[in-house]
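The following exercises are to be worked with the sequence and the structure in view. Each task is followed by a solution in steps.

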Amino acid sequence: MRFSMELRLIGVSVCVLLLCGSSCGSNASVPLVMWHGMGDSCCNPLSMGAMKKMVEEEVPGIYVLSLMIGKSVLQDTENGFFMDVNEQVSLVCDQLSQDPKLKGGYNAMGFSQGSQFLRAVAQRCPDPPMKNLISVGGQHQGVFGLPHCPGESSHICDWIRKKLNSGAYTDAIQKHLVQAQYWHDPLNDDLYKKYSLFLADINQERVVNETYKKNLMSLNKFVMVKFLQDTMVDPVDSEWFGFYKAGQGKELETLQESAIYTEDRLGLAGMDSAGKLVFLASDGDHLQFTREWFNEHLLPYIR
């Protein structure tokens with residue numbers, strides 16, 4: 001039997017074709033760590049819970065850890081809006097280092113903002129080692145807008161928009177609003193570089209931390225998925241590490257045209273030359289893809 005089911009939770013919409021049966025994978029599979037996106041949680045059966053189940057069906061015997069930030073699903077969801085990202089990353093690093101099932105290494109898959117958070121884990125916490133990093137709609141150069149945030153969190157997103165527009169780089173908003181910590185205002189580039197507590201740090205905008213660079217370059221593959229019809233991420237090019245040119249909000253530059261790449265501040269140019277960067281596109285809205293697409297394009301990186 002073959003049928004489809006659309007998985008929706010607040011800001012997450014993962015469309016999956018459920019296909020019966022699979023014979024791939026083995027008990028020696030590399031573990032997988034997943035981090036959900038804004039408004040989602042680790043374990044909802046209609047989103048990340050379904051993703052976990054799908055991976056386990058495709059790779060029998062695999063250990064899948066879907067990260068919960070907090071002591072409950074409700075806390076996990078709220079922390080995706082209001083908990084300092086650097087603190088979240090630190091908590092995850094501690095959790096991963098204490099998990100005996102991950103001591104030999106793991107693959108990581110982030111969804112939306114969970115992607116750049118897992119990249120921070122790769123750069124800051126090399127033990128246990130991350131092997132492949134799969135970014136599904138992540139905003140690696142940040143965002144300059146929240147075009148839409150559907151579902152039960154719409155009122156929260158309206159409030160967030162007002163706060164970001166009134167002062168994204170004030171100390172109070174930076175420390176207590178997650179989306180401000182990857183807010184990238186090209187019209188105020190100096191403010192961004194000086195006061196961004198999270199994104200400007202992991203993107204080496206102020207100084208080059210050679211440890212960050214070395215750790216990221218140790219990945220086997222860094223896979224970035226861009227959604228061609230994305231109505232949530234602004235600009236969508238951020239999903240491939242592109243962004244607006246500084247000083248204006250219309251003209252875009254690719255990763256390869258950016259200072260991060262031309263100066264190789266993160267090691268991405270070196271990774272690109274070594275064939276470690278993988279750019280994938282899905283013809284759908286934010287976090288929408290089929291199980292068939294997932295199996296063809298992403299499953300090879302988590303077996």
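A residue counts as buried when its relative accessible area is under 20%, as exposed when that area is over 50%, and as partly exposed in between. The model is a predicted one.

**Exercise 1.** Determine whether Glu 263 is buried, exposed or partly exposed, and do likewise for Arg 265.

*Solution.* Step 1: Glu 263 has a relative accessible area of 48%, so this residue is partly exposed. Step 2: Arg 265 is buried because its relative accessible area is 18%. Step 3: the two side chains form a salt bridge, with the closest N and O atoms 2.9 Å apart.

**Exercise 2.** Describe the salt bridges of Lys 175 and of Asp 237, and state where the partners lie in the chain.

*Solution.* Step 1: Lys 175 pairs with Asp 171, the closest N and O atoms being 3.3 Å apart. Both residues belong to helix H6 (residues 171-176), where they stand four residues apart, about one turn of the helix. Step 2: Lys 175 is partly exposed because its relative accessibility is 38%, and Asp 171, at 48%, is likewise partly exposed. Step 3: Asp 237 meets Lys 226 in a salt bridge at 3.8 Å, N to O. This pair links distant parts of the chain, eleven residues apart: Asp 237 is in the loop between strand E7 (221-227) and strand E8 (243-244), while Lys 226 is in strand E7. Step 4: with a relative accessible area of 22%, Asp 237 is partly exposed, whereas Lys 226, at 13%, is buried. Step 5: a network of salt bridges joins Glu 57, Glu 58 and Arg 291. The count of salt bridges comes to nine.

**Exercise 3.** Identify which residues of helix H9 are buried and what covers them.

*Solution.* Step 1: in H9 (residues 210-217), the buried residues are Tyr 212, Lys 213, Asn 215 and Leu 216. Step 2: viewed down the axis of H9, these buried residues fall within an arc of 170°, so they line one face of the helix. Step 3: the face turned away from the buried side carries the exposed residues Glu 210 and Lys 214. Step 4: the cover over the buried residues includes helix H4 (113-124), helix H8 (199-202) and helix H11 (268-273). Step 5: at the N-terminal end, Asn 209 caps H9, with a side-chain oxygen 2.9 Å from the backbone nitrogen of Thr 211.

**Exercise 4.** State which members of the largest nonpolar core touch the most other members.

*Solution.* Step 1: that core has 57 residues, of which Trp 35, Leu 96, Val 121, Phe 222 and Leu 268 touch the most other members. Step 2: a second, separate core of 26 residues includes Phe 111, Val 136, Phe 227 and Ile 302.

Methods. Residues are numbered from 1 along each chain as its sequence is written. This is a predicted model: local features need pLDDT of at least 70, side-chain atom pairs count only at pLDDT 80 or more; totals for chains, interfaces and linings use all residues. Side-chain values use heavy atoms; hydrogens and water are left out. A nonpolar core is a set of buried Ala, Val, Leu, Ile, Met, Phe, Trp, Tyr and Cys residues joined through side-chain atoms within 4.5 Å. Buried means under 20% relative accessible area, exposed over 50%, partly exposed in between (1.4 Å probe, protein chains only). A salt bridge is a side-chain nitrogen of Lys or Arg within 4 Å of a carboxyl oxygen of Asp or Glu. Helices (H or I, at least four residues) and strands (E, at least two) are DSSP runs, numbered from the N terminus. The arc is that of the directions from the helix axis to the C-beta atoms. Contact means heavy atoms within 4.5 Å. A polar contact is a pair of N or O atoms within 3.5 Å; within protein, one must be able to donate a hydrogen and the other to accept it, and residues adjacent in sequence count only if both atoms are side-chain atoms.
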